[in-house]
Amino acid sequence: FYIFTLINRVFPYYLGHSAPIEVPLIGAAGIILLTLCFIPFAKKIAHSRVLTVIGSFYIACLLSLSGFAIYGIAIGAWKYCLVVLLGALIFVSSDFLIIRFRFVKDIKRSDFYVMLLYLIGQVSIVVGLLLSTNLIR
């Protein structure tokens, strides 16, 4: 959802026209390539083939959001896309903590740390998108 919002709402505002057709195609190719790159690592953690592919695809989508935010920074929406980028990276770090606490080593109050990073990441992504489309001031 966030990736499509960036492509359809933020980029036309800063480019003066809709994003070139290459942007979604490159994004889709990037998600596929990232998914294929994560599969060997995910196999070591999840022994189920379906879980391995779904988990790799999920992480690839989250990292692609970071890529589109970097593209937004490059075309001039740096103030707001920087907030989206930071939110996406914080969100990804919360997911990596879930993986670490679930499969490597758990710590006290791990749920609190995961949810804290999750909420900060989600709020940052949403606020960055809302600010960039002039929906809030």
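The axis of a helix is a line fitted to its C-alpha atoms, here over the stretch in contact, and the angle between two axes runs from 0 to 180 degrees between their N-to-C directions. With this definition in hand, the reader may approach the structure above, which is a predicted model.

The protein contains five helices and zero strands, so that its pattern along the sequence reads α-α-α-α-α. Of the 137 residues in the protein, 34% are buried.

Consider next the pair formed by α3 and α4. Their axes come within 8 Å and cross at roughly 160°. Because angles over 145 degrees count as roughly antiparallel, α3 and α4 are roughly antiparallel to each other. The crossing in which α3 passes α4 is left-handed. On the side of α3, the residues making the contact include Y58, L62, L65 and A69, while those of α4 include W78, L85, A88 and F91.

In soluble globular proteins, nonpolar side chains tend to be buried together. In the present model, the largest nonpolar core has 10 residues: L62, L65, A69, V84, L85, A88, F91, V92, I125 and L129. At least two residues of this core are supplied by each of α3 (49-74), α4 (78-103) and α5 (110-132). The largest share, five residues, belongs to α4.

Note on methods
Residues are numbered from 1 along each chain as its sequence is written. This is a predicted model: local features need pLDDT of at least 70, side-chain atom pairs count only at pLDDT 80 or more; totals for chains, interfaces and linings use all residues. Side-chain values use heavy atoms; hydrogens and water are left out. A nonpolar core is a set of buried Ala, Val, Leu, Ile, Met, Phe, Trp, Tyr and Cys residues joined through side-chain atoms within 4.5 Å. Buried means under 20% relative accessible area, exposed over 50%, partly exposed in between (1.4 Å probe, protein chains only). Helices (H or I, at least four residues) and strands (E, at least two) are DSSP runs, numbered from the N terminus. Angles under 35 degrees count as roughly parallel, over 145 as roughly antiparallel, 65 to 115 as roughly perpendicular and the rest as oblique. A crossing is left-handed if the near helix is turned anticlockwise from the far one by less than a right angle, and right-handed if clockwise. Contact means heavy atoms within 4.5 Å.
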